[in-house]
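Thank you all for coming; I would like to take a few minutes to walk through one structure with you. Please have a look at the sequence and the model first, and then we will go through the inside of the protein step by step.

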Amino acid sequence: MLSTRFTQHALVTEAHKTIQSRLSAKSITLDATMGNGHDTLFLARHSAKVYAFDIQQAALDSTYQQLQKHHLADKVVLIHESHEQLRQHIPAGEKMDVIIFNLGYLPRGNTTIITKTQSTLSALNQALKILSPSGIISIVCYPGHAGGQEEMSAVTDWYQQLDSHQFAITVIHSMQETAQSPRLFVIKAVQNILNNPEKP
Ligand SMILES: C[S@@+](CC[C@H](N)C(=O)[O-])C[C@H]1O[C@@H](n2cnc3c(N)ncnc32)[C@H](O)[C@@H]1O
């Protein structure tokens, strides 16, 4: 199922609001692009354990500082690695209730280090394999920088080929959207009653 809606909020805020319904004190979550740590901090506040990836040491440093400041560092595993390797770092059988991808470059950092289409698609496919049966993936794409439009088109092609019996997809636009504006894609795993007869 594919639906579209608009929001007045910043898309990162909208992503947090959308995700929050799937989070509990027992949740295990993943931030595939930790950056300055805002998403990791949000996840740490609302879950039991968080895995967070970034390829830049500056992102790990900045995220660790944020977590320390809020006494949440113990909940988070910071991984200095491409999200392309994510399955190598998540223990076998561990399922994620929420996975966040906030693509592009590190704000106030090196704007030439960006997420790349091929590794993003590889990470998204791996994310599906470790998603819990009622899990949710949020993806913010930024078409405004070089390579961003290509990456967003690839993400669009990727979610369009997902099985609509297994995943409900929502595309969220900001009210003030221009061609350069970010877009938010939310992929929710749909619990199939036929596959889970004991759960009406
Ligand atoms: C838009 S920022 C993320 C913002 C962040 N979630 C926050 O709350 O501040 C994108 C981040 O993706 C990181 N990145 C780029 N390629 C990556 C990759 N292959 N694996 C993991 N992180 C990557 C960049 O270094 C950058 O820090």
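Predicted model: local features only at pLDDT ≥ 70, side-chain atom pairs only at ≥ 80, totals over all residues.

As for where to find serine 82 on your screen, it sits in the loop that runs between β4, residues 76-80, and α4, residues 86-89. If we set aside the neighbours within four places in sequence, serine 82 is in contact with Phe53 and Ile55.

In soluble globular proteins, nonpolar side chains tend to be buried together. Here the largest nonpolar core has 33 residues, and the members that touch the most other members are Ile99, Phe101, Ile139 and Ile187. Several helices and strands each supply at least two residues of this core, among them β2 (28-31), β5 (96-102), β6 (131-141) and β8 (183-189), while the element that gives the most is α6, with five residues. There is also a second, separate core of 25 residues, which includes Ala59, Leu67, Ala73 and Leu106.

I would like to stay for a moment with phenylalanine 101, and ask which residues it is in contact with once its neighbours within four places in sequence are left aside. The contacts of phenylalanine 101 include Ala32, Thr33 and His83, and also Ala123, Leu124 and Ala127, as well as Ile137, Ser138, Ile139 and Val140.

Finally, what is the volume of the largest pocket? The answer is about 590 Å³, and the pocket is lined by 31 residues, of which Thr33, Asn102, Gly104, Tyr105 and Leu106 lie nearest its centre. Both α2 (38-46) and β3 supply at least two residues of that lining, which divides by class into twelve nonpolar, 13 polar and six charged residues.

How values were computed. Residues numbered from 1 in each chain as written. Heavy atoms only, no water. Helix = DSSP H or I, 4+ residues; strand = E, 2+ residues; numbered from the N terminus. Contact = heavy atoms within 4.5 Å. Core = buried A, V, L, I, M, F, W, Y, C linked by side-chain atoms within 4.5 Å. Buried < 20%, exposed > 50% of the residue type's maximum accessible area, 1.4 Å probe, protein only. 1 Å grid on protein atoms, 1.4 Å probe; cavity = no way out; pocket = protein on both sides within 12 Å on 5 of 7 lines; lining within 4 Å. Points joined across faces, edges and corners; volume = space filled by probe spheres on them. Nonpolar A, V, L, I, M, F, W, Y, C, P; charged D, E, K, R; others polar.
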